[in-house]
Amino acid sequence: MIEWAMAGDALHVMDTDNAELTVVGSDLSVVGTGRELPRPVDETITVTTDELRFPNAVVYAFALGSSARYELDPGGQPLSLPTDEYVIDVDTEIKSYLRFSGRATIRKTDDFESIVVSFPEPVRVVVGLRSRHERPAGTITVSDSPADVASAISYLSSSYKTASPDRTYPTLRGHPPLIEFGDDLEIPDAIRSEHRDSGIELVVPPCYESLYVTAPLAYHLQATVRTTNGADGVGMRPRLRVPEEGVETELSPMPGLERNVERLLRKTFFLDCLVRNAGPYGTQLAEAGLLDALEFDAERLYEATPATRLAAYLETPFDAIEHRLPEWHLATYVTPEYETAETLPFLLDRMSLLYTPRTSELEGQELIERSLTDFYRGGNGSPGGAHSGQVASVDIVKPDLRDARAHGWLADGVPIDVFKSTAAAYHNRLSYLERSSEATSICVVLNDPDMAGEHDDVAEIYRQRSNEVRMDVTVEEGLTRNELAAVFESDYDFVHYIGHCETDGLRCTDGMLSASSLDRCSAQTFFLNACGSYYEGMELIEKGSVAGAVTFRKVLNDHAIKVGSTFARLLVHGFSIERALRLARRRIMMGKDYAVVGDGTHSLTQSESRLPTTITLEELEDDRYLVTFDCYSTRATGSYYVPHTTDSEYAYLCGNESSFTIERTELVSLLKSTGSSVIYDGDIYWSGELWSRFV
């Protein structure tokens, strides 16, 4: 639901998630509501004006009379639109669209804080607004019964805003309803009324293991899930049914069911992404040519029912499209028990594949034992004569990981190469949606003067970023236990602790602070860049944080500086905590000593280009370079990106890389204008710092 009000020349908008948007116009006046706009919106307002100002955002313009598509240069170059009829997509906190006829200019202000859409003269503009629906709409109660949980899963897709292939756009998937525990199944009428009958059924054995594994497929297909006891004569094997099309596909029992679901979900989601281009929101997608090879009638399938589309998709062998599929963004390993059901809405909101957790013994070389204690943080020979305390030991296991970019762990054990999450982390994330502030607040804490190198680096990185987005940076040094406790109990968005951690807690000037002694942790995210900080980080999650970076054991001081400074830069440029740490730890040999706890998909800020991008740069002969773009987000599955090169004619699905060969001069221009991480010559750089090497 969208509410709006005019105050002078400002249009103030708010949704039920408490998201806010202010659009300032020049001689702005409202002349009507409810006008048609070829985009899914919750509200439309018709205004007259010759200028509209939005907060900084990614902006696309689509000509309705042709296939012309434009994007505002994130580097600041204005965009001039010739006379035509347009829809402009402004990717603000509340999704915004503008429909008008004529010419227009779109630009960023000099401080990069605002987007200005201006017209040669006052013109009538239809403003469309859509809530991103990040807050769950209601709660479903379930008893300890697989049949109840199956029913709940069936209704989680009630948050979808469409049943067409456009459901692959992340802005058309609202947050699923929550699940809570009770004595009986209770589905509120408001949730039932939003549920669409897709004509698709998933029948699974009455066990949590099968239910959780199939939940992501059921969610995307908006299928009805039910359990079977074999009384229908077909046994206990899971099945995917499309009754109106006479289709019934028998699936493998566990553990083969995991592979079946992965293939079905990746295939149907990908084909939906291609078919949606036949609709009104299509783009020139590089992968779309595959539809012709498959002899798909995209226009017919776009208009078809979900059941008819699925029946057509099932006729396509997985092997025929596997080479074109984006790598799936997220897999979560979930203990198959009743108590885990409450996490399903959060995991499906991120479109995660779900697997049963399995582990094996850790091979000796995967965590190399080090004896360079003179350089360890907290070691006997650390500069300044700091005493050596006992670092908490962590028994690490090796998880059996499937194919995905990122991996989450909702099970027992402390695994490497995944983020270790808890139900508390996801519920905490919701609580921070209610916290409103005009700037991202960061506190850097230096509790050992011998580590001032990292302190100076990260403080400068945060301050530089504050020149581009609203960010308040506080720097503290030499805190006592009470002072450090006050930092964690304050409403900071991010706390970067630099110091030592021992079995009794984080070292302060007057002793150790244990996170368990806090009444509550109000710091949304954190980085405990200290030896063996895993348990303290997990305690901060249970006390109220969403996610944080920690270490498993002792870490080298120079390694900590490299990881800390790189992590800081990536985090404040919109990378999720998991992806930021994964890239940062590539810089050191002992990268597996670092891990993420809590919801690793969580991001602190938004990227300038909506979705964070990593560029891999390879030097070729004749002053040419191979640049490969990798753009994806665990929060925006189904999005697309457009590489910023002169040879780029197409958009690409996030998760699929795109490569181009460019000359040195274009490389310099690319690096100067694109805020991206760059992998070059075995290390990671920020594009704004790397370009001068090629001048």
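Which residues lie nearest the centre of the largest cavity? They are F269, P326, W328, T637 and C654, out of 18 lining residues. Keep in mind that this is a predicted model, where local features need pLDDT of at least 70, side-chain atom pairs count only at pLDDT 80 or more, and totals for chains, interfaces and linings use all residues. Residues are numbered from 1 along each chain as its sequence is written, and side-chain values use heavy atoms, with hydrogens and water left out.

**Cavities**
- The whole structure holds 7 cavities of 30 Å³ or more (a cavity is a set of points on a 1 Å grid over the protein atoms alone where a 1.4 Å probe fits but cannot get out, and lining residues have an atom within 4 Å of a point).
- The largest cavity takes up about 180 Å³, a volume being the space filled by probe spheres set on the points, which are joined across faces, edges and corners.
- Helix α4 (residues 256-275) gives the largest share of that lining, 4 residues; helices here are DSSP runs of H or I with at least four residues, strands are E runs of at least two, and both are numbered from the N terminus.
- By class, the lining of the largest cavity splits into 10 nonpolar, 6 polar and 2 charged residues (Ala, Val, Leu, Ile, Met, Phe, Trp, Tyr, Cys and Pro count as nonpolar, Asp, Glu, Lys and Arg as charged, and the others, Gly among them, as polar).

**Second largest pocket**
- This one has a volume of about 860 Å³; a pocket is an open set with protein on both sides within 12 Å along at least five of seven lines.
- It has 36 lining residues, with R69, Y70, E71, V642 and S648 closest to the centre.
- Two or more lining residues come from each of β6 (59-63), β7 (69-71) and α15 (664-673), and α15 gives the most, 4 residues.

**The five-stranded sheet**
- Here's an open, mixed sheet in the order β37-β34-β33-β38-β39, with β37 (658-663) and β39 (683-686) at the edges; strands pair if DSSP finds at least two bridges between them.
- β34 (residues 624-631) runs antiparallel to β37 over 6 bridges, and R624 has E663 in β37 as its bridge partner.

**Helix α12**
- In α12 (residues 534-543), 7 of 10 residues are buried, meaning under 20% relative accessible area with a 1.4 Å probe, protein chains only.
- Those buried residues are Y534, E536, G537, M538, L540, I541 and K543.

Note on methods
Buried < 20%, exposed > 50% of the residue type's maximum accessible area, 1.4 Å probe, protein only.
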